[in-house]
Amino acid sequence: MTTHQHPAETVPEQAPRMQWAKAAPEVYKAVYALEVASRKGLDPTLVELVKLRASQLNHCAFCLDMHTKDALAAGESVERIVLLGAWEESRHFYTEKELAAIELTEAVTVLTDGFVPDEVYERAAKHFEEQELAHLIALIATINVWNRFGVTTRMTPGHYKAGTHKA
């Protein structure tokens, strides 16, 4: 049973290429453990914003579905979720700390220049204590790992129920 409603004229749902978590359960468990450890001490709303922004950049439909549902269930507003893709034009919806995290997420996710710019890192370091920043960097790296698994194996969005993968 799907959790989404769609008109009859939409294209059929595509099956995933593989069930990678079942094919490599030890990898799934290791990444999940990293996921749980990385978000310790971070605000749950910030965690979902970071996961959503990285998933937008990586075009991971499965993760966008999952983290949108988890963010909504945690009380995040539809407005802030929708505007996240255009955060630079809608900065007034986010705190300075959230903006620093979103900007760092983009820099770490899209390494087209081969590095994270000093000014982006310094802005994040201004808003996060060192341990919290270390966890944020781990969180960003971890969602990028999940995104790559999701995109590569074409995990199917639409079936996730909010809170299913909470620690």
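**View A. The buried residues of helix α6.** In this predicted model, the buried residues of α6 are E98, L99, A100, A101, I102, L104, T105, E106, A107 and T109; buried means under 20% relative accessible area, exposed over 50%, and partly exposed in between, with a 1.4 Å probe and protein chains only. That makes ten of the 14 residues of α6, a helix that is mostly covered. Among the elements covering these buried residues are α3, α5 (78-83), α7 (118-127) and α8, where contact means heavy atoms within 4.5 Å. Helices here are DSSP runs of H or I with at least four residues, numbered from the N terminus. From its first C-alpha to its last, α6 (residues 96-109) reaches 20 Å, close to the 20 Å expected at 1.5 Å a residue; the expected span is 1.5 Å times one less than the number of residues.

A note on reading these views: residues are numbered from 1 along each chain as its sequence is written. As the model is predicted, local features need pLDDT of at least 70 and side-chain atom pairs count only at pLDDT 80 or more, while totals for chains, interfaces and linings use all residues; side-chain values use heavy atoms, leaving out hydrogens and water.

**View B. The nonpolar core around V50, L104 and L136.** These three residues touch the most other members of the largest nonpolar core, which has 14 residues. A nonpolar core is a set of buried Ala, Val, Leu, Ile, Met, Phe, Trp, Tyr and Cys residues joined through side-chain atoms within 4.5 Å. The elements giving two or more residues to this core are α3, α6, α7 and α8, and α8 gives the most, with four. Follow V50 and you will find that V50 touches A101, T105, L136, L139 and I140, with residues up to four places away in sequence not counted. A second, separate core has ten residues, including W20, C60, M66 and W146.

View C. The structure holds one cavity of 30 Å³ or more, and the largest cavity has a volume of about 30 Å³. On a 1 Å grid over the protein atoms alone, a cavity is a set of points where a 1.4 Å probe fits but cannot get out, and lining residues have an atom within 4 Å of a point. Grid points are joined across faces, edges and corners, and a volume is the space filled by probe spheres set on the points. W87, R91, E96, L99, A100, E103 and R123 line the largest cavity. With four residues, α6 gives the most to this lining. By class, the lining has three nonpolar, no polar and four charged residues; Ala, Val, Leu, Ile, Met, Phe, Trp, Tyr, Cys and Pro count as nonpolar, Asp, Glu, Lys and Arg as charged, and the others, Gly among them, as polar.

**View D. The largest pocket.** About 520 Å³ of space lies in the largest pocket, a pocket being an open set of points with protein on both sides within 12 Å along at least five of seven lines. Of its 24 lining residues, Y28, F62, M66, M155 and H165 are the closest to its centre. The largest share of the lining, five residues, comes from α4.

View E. H59, not a glycine, has a positive phi of about 60 degrees. H59 sits in the loop between α3 (44-58) and α4 (61-73) and counts as exposed because its relative accessibility is 66%. R154, also a residue other than glycine, has a positive phi near 50 degrees. R154 belongs to the segment after α8 (130-153); at 38% relative accessibility, R154 counts as partly exposed.
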